[in-house]
Amino acid sequence: MTTDVLVAGGGIGGLSAAYALATAGHEVRLLERSAEFGEVGAGLQLAPNATRILREWGLLDEVTQAGVLPRRLVLADAVSGDELVHADLTGGFQERYHAPYIVVHRSDLHRILVDACRRAGVRLETGRTVERVDSTEDTAFTYCADGTVFESRIAVAADGLTSKLRRAVADDEPICSGYVAYRGAIPLADMPTEVSLDDVIAWIGPRCHLVQYGLRRGEMVNQVAVFASPGFARGEIEWGGPQELEEAFASCSEHVRRSLSSLWRDRRWPMYDRLPVRDWVSGRLVLTGDAAHPMLQYLAQGACQAIEDAHTLAAEVAKTGDTPDWDTALAAFNAGRAPRTARVQRTARTWGDIWHIDGVGRLLRNELMTSLSDVYSHTDWLYA
Ligand code: FAD
């Protein structure tokens with residue numbers, strides 16, 4: 001039952017890590033607790049820092065065919081409806097970052113990664129909940145809830161925001177922002193408002209925002225509405241329910257308010273992150289993805305950073321030669337990745353504060369954004 005690599009968690013992060021390491025020639029086993037592989041049926045933005053890697057992995061064409069290549073990334077004031085600033089995602093953008101900005105249905109990307117892992121020979125197992133990992137000098141022992149124990153040279157924790165394996169390096173808990181997200185991905189024809197399929201647009205307002213973009217070659221529209229819950233602020237146990245949704249957007253434009261009617265009401269996502277931690281390695285266990293650096297979703301980077309993790313981990317292992325020096329590779333991966341993802345985590349929080357500001361701050365923000373002459377000076381650090 002020994003493999004080179006055991007990956008715990010079959011989300012976008014775990015599948016990416018499994019694929020990157022398997023195509024580099026390592027034997028990989030991936031354990032997912034759910035009975036079937038899958039993702040929530042909503043959209044995902046992939047910036048060039050992730051699509052460059054997908055191209056290197058030979059998966060970009062498939063992802064592009066399943067998704068949409070938007071022409072603009074737009075910020076607009078949710079109250080006045082005025083456009084504030086946009087990044088042109090066509091010619092100059094793609095030349096600068098050597099890859100496109102893509103929006104894709106999560107289940108499409110997830111399926112593409114599962115298929116790619118199968119082709120690369122990853123042993124994929126569902127219905128296996130990982131409980132903990134113990135290490136000796138050169139082996140990771142992964143203990144599952146059903147009593148199975150797996151041996152590997154390294155274990156990669158990709159078990160998400162509520163990671164059990166993270167306990168080996170930190171005794172922290174996810175931090176609730178008091179904001180909650182509602183999502184909805186529906187056929188374009190069913191949208192109550194007109195949505196430009198050329199744009200990824202974020203309508204930003206006081207303590208709320210709405211993101212809209214096209215999916216599946218423009219056949220569908222994806223929406224994410226996020227707001228600060230008054231119930232959470234009052235300390236209520238049940239908070240962020242649908243009754244709060246309409247009220248939170250009451251001051252917004254008619255377009256924004258009417259668009260809310262097509263959001264799913266039966267499920268919602270309270271928004272959590274954690275503070276950055278420096279050490280992701282314990283013995284032969286290493287954290288990746290949301291298990292390592294969960295972030296608020298305002299930069300649309302959580303999955304992109306998980307893909308970066310996978311790419312860097314495989315590259316660091318490769319650097320150590322034909323007989324991998326796993327300890328050196330894990331240390332180099334940790335040292336290279338933790339400062340970058342810490343910056344993304346912190347910036348995501350600040351970005352949320354800027355989006356959700358009210359009063360005179362909102363007026364100043366709008367003034368600054370409308371007069372912004374160099375959008376790239378804000379995106380180079382992340383996308384380049
Ligand atoms: P997860 O997706 O949480 O996957 C963890 C997997 O591990 C799951 O399959 C789970 O079932 C499994 N698992 C958990 N525990 C165990 C266990 N003990 N044993 C075995 N398996 C286990 N990011 C972007 O890049 N772009 C976006 O546009 C974007 N939009 C977002 C919008 C919203 C509303 C939210 C909430 C997030 C968004 N993100 C976005 C963030 C992104 O979704 C996450 O960062 C990313 O999916 C994390 O992937 P992961 O594989 O690390 O974790």
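Me: What makes R183 a residue that lies over the face of W269?

Reply: In this predicted model, R183 lies 4.5 Å from the centre of the W269 ring. A charge counts as sitting over a ring if it is within 6 Å of the ring centre and within 35 degrees of the ring normal. The 4.5 Å for R183 is within that distance, and R183 is placed over the ring face. R132 lies over the face of Y143 too, at 4.0 Å from the ring centre.

Me: How many aromatic pairs does a search of the whole structure find?

Reply: The search finds 13 aromatic pairs. F93 and Y97 form an aromatic pair, with 4.9 Å from centre to centre and 75 degrees between the planes.

Me: Why are F93 and Y97 separated by about one helical turn?

Reply: F93 and Y97 are four residues apart in helix α4 (residues 91-97), so about one helical turn separates them. An α-helix has 3.6 residues a turn, so residues three or four places apart point the same way.

Me: How do you know that F93 is buried?

Reply: Buried means under 20% relative accessible area. F93 has 2%, so F93 is buried. Y97, at 1% relative accessibility, counts as buried too.

Me: What about S253, buried or exposed?

Reply: S253 has a relative accessible area of 14%, which is under 20%, so S253 is buried. S253 is found in the loop between α7 (242-248) and α8 (254-259). Leaving aside neighbours within four places in sequence, S253 is in contact with A78 and V79.

Me: Which residues of the largest nonpolar core touch the most other members?

Reply: L46 and W57 do, in a core of 75 residues. Helix α1 (residues 12-23) gives the most to this core, with eight residues. Apart from this core lies another one, of 24 residues, among them L75, A202, I204 and L296. In soluble globular proteins, nonpolar side chains tend to be buried together.

Me: Which residues does W57 touch, not counting residues up to four places away in sequence?

Reply: W57 touches S16, Y19, A20, I307, A310 and H311.

Me: How do you know that A310 is buried?

Reply: The relative accessible area of A310 is 2%, under the 20% limit, so A310 is buried. The place of A310 is in helix α10 (residues 302-319). Apart from neighbours within four places in sequence, A310 is in contact with S16, A17, A20 and W57.

Me: Which residues of helix α2 are buried?

Reply: In helix α2 (residues 48-56), the buried residues are P48, N49, A50, T51, I53 and L54. Just after α2, G58 takes a positive phi of about 80 degrees.

Me: Which of the 29 residues around the ligand come nearest?

Reply: G13, E32, Q45, R106 and D290 come nearest.

Terms used
Residues are numbered from 1 along each chain as its sequence is written. This is a predicted model: local features need pLDDT of at least 70, side-chain atom pairs count only at pLDDT 80 or more; totals for chains, interfaces and linings use all residues. Side-chain values use heavy atoms; hydrogens and water are left out. A nonpolar core is a set of buried Ala, Val, Leu, Ile, Met, Phe, Trp, Tyr and Cys residues joined through side-chain atoms within 4.5 Å. Buried means under 20% relative accessible area, exposed over 50%, partly exposed in between (1.4 Å probe, protein chains only). Helices (H or I, at least four residues) and strands (E, at least two) are DSSP runs, numbered from the N terminus. Contact means heavy atoms within 4.5 Å. Rings of Phe, Tyr and Trp (its six-membered ring) pair if their centres lie within 6.5 Å; planes under 30 degrees apart count as stacked, over 60 as edge-to-face and the rest as tilted. A residue is near a molecule or strand if one of its heavy atoms lies within 4 Å of it.
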